[in-house]
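Here are my notes on this one, jotted down as I went through it. Have the viewer open while you read.

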Amino acid sequence: MTKLTKIIWFLAVVLLISFFATSYWQNSSSVSVTASTNSVANTPITIGYSNWAGWWIWAVAEEEGLFAKNGVDVKMLWYDSYLESLEALAAGQIDGNSQTLNDTISFAGNAVNGEVVVLVNDNSAGNDKIIVADRIERVEDLKGKDVAVEAGVVDDFLLTLALEKNGMKREDVNIVDIETGAAVEAFAAGQTDAVGAFPPFWLTALKREGARELVSSRDFPGSIPDLLVVSQKLVKEKPKEVGALIDTWFDTLDFIQQNSQRADAIMARRAGVNTEQLQLFKEGTKIFSVADNLKAFSKGNDMAHLNFAAEKITEFLENNLKALDKKPNFSKLFNSKFVDRYALNQQ
């Protein structure tokens, strides 16, 4: 074999090896990309929820397999700390969360994936309370008194509404800003004159001798909406799944109506309360129907409408607390199309 022939054979072998190596790499890359895509597609939607009567309903949906019935893979994540659930959604660590309108406005402006309200679960209708010592008979009697309340949360907002209704300002009382659990303990121990709390915390507040309810969210309908909030990213990338979340919520309400004892057992277990306490908390919660949702998402000039409530809450956060870093874009914050679609399908 001549030297030239050897060179030709060598080059042919090199080209052949290069061809097989390139083909193998391309095939491997294709498999890797496909596997990665499938992995993303099969990742469950993660929804956070915490200890509130309107959100215990999600536990029924999960335990009864109602998400799967609607063709959506959902992982419900329970947060002992409500604040951590707010931070998780804002940081993009979960796809959605159960939270109040107050807190949505506070966190949405800086959320890395944006936040969108797609459902009103309920309104607080008595579950949020201002509990006072026996010597306080009227809201006006709170002037100059120590009121333990977690600044910026819904019960602080409730306190502000009550003061305004009676010609007073938040500055007319001495706000003792501490976490809600610690606030009721301080009140129960006689260290403050009043406390703002939500369940189950106000049960502890009422243990103080002579303590009574002065004001509740029942006095201000629509002031405390509780919501399902998802990321803008989820709405954009998985609108069908967001629709299935809404379907599941209303299917769960139907299930509860038809299987009340079983559903109550699930919710009581999830909440860590007994059935008597569960009924008490349910009485103070107005669960929203489809019609209630349609009204809430429509434009209006009172607290029954999300657009009006959002402006009122934003005013509270900006003027009273100076606590709003970035006001969210309200035109993007509320998205009624999923509830609208559900309502249309029920006709």
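1. Start with Asn121, which touches Gly54, Trp55, Trp58, Asp226, Leu227, Leu228, Trp249, Lys286, Ile287 and Phe288, leaving out residues up to four places away in sequence. Contact here means heavy atoms within 4.5 Å.

2. A quick word on the source: this is a predicted model, where local features need pLDDT of at least 70, side-chain atom pairs count only at pLDDT 80 or more, and totals for chains, interfaces and linings use all residues. Numbering runs from 1 along each chain as its sequence is written, and side-chain values use heavy atoms, with hydrogens and water left out.

3. Asn121 sits in strand S4 (residues 116-124); strands are DSSP runs of E, at least two residues, numbered from the N terminus. Is Asn121 buried or exposed? Asn121 counts as buried because its relative accessibility is 0%, the cut-off for buried being under 20% relative accessible area (1.4 Å probe, protein chains only).

4. A polar atom of the Asn121 side chain lies 3.2 Å from the backbone nitrogen of Leu228. Val290 is 169 residues from Asn121 in sequence, yet their C-alpha atoms are 10.0 Å apart.

5. Now strand S8 (residues 194-197), which is covered on both faces: Ala194 and Gly196 are buried on one side, Val195 and Ala197 on the other. In a regular strand, side chains alternate between the two faces of the sheet.

6. S8 pairs antiparallel with strand S5 (residues 129-132) over four bridges, and Lys129 has Ala197 as its bridge partner in S8. Strand S6 (residues 146-149) runs parallel to S8, joined by two bridges, with Val147 partnering Ala194. Pairing requires at least two DSSP bridges between the strands.

Conventions: Buried means under 20% relative accessible area, exposed over 50%, partly exposed in between (1.4 Å probe, protein chains only). A polar contact is a pair of N or O atoms within 3.5 Å; within protein, one must be able to donate a hydrogen and the other to accept it, and residues adjacent in sequence count only if both atoms are side-chain atoms.
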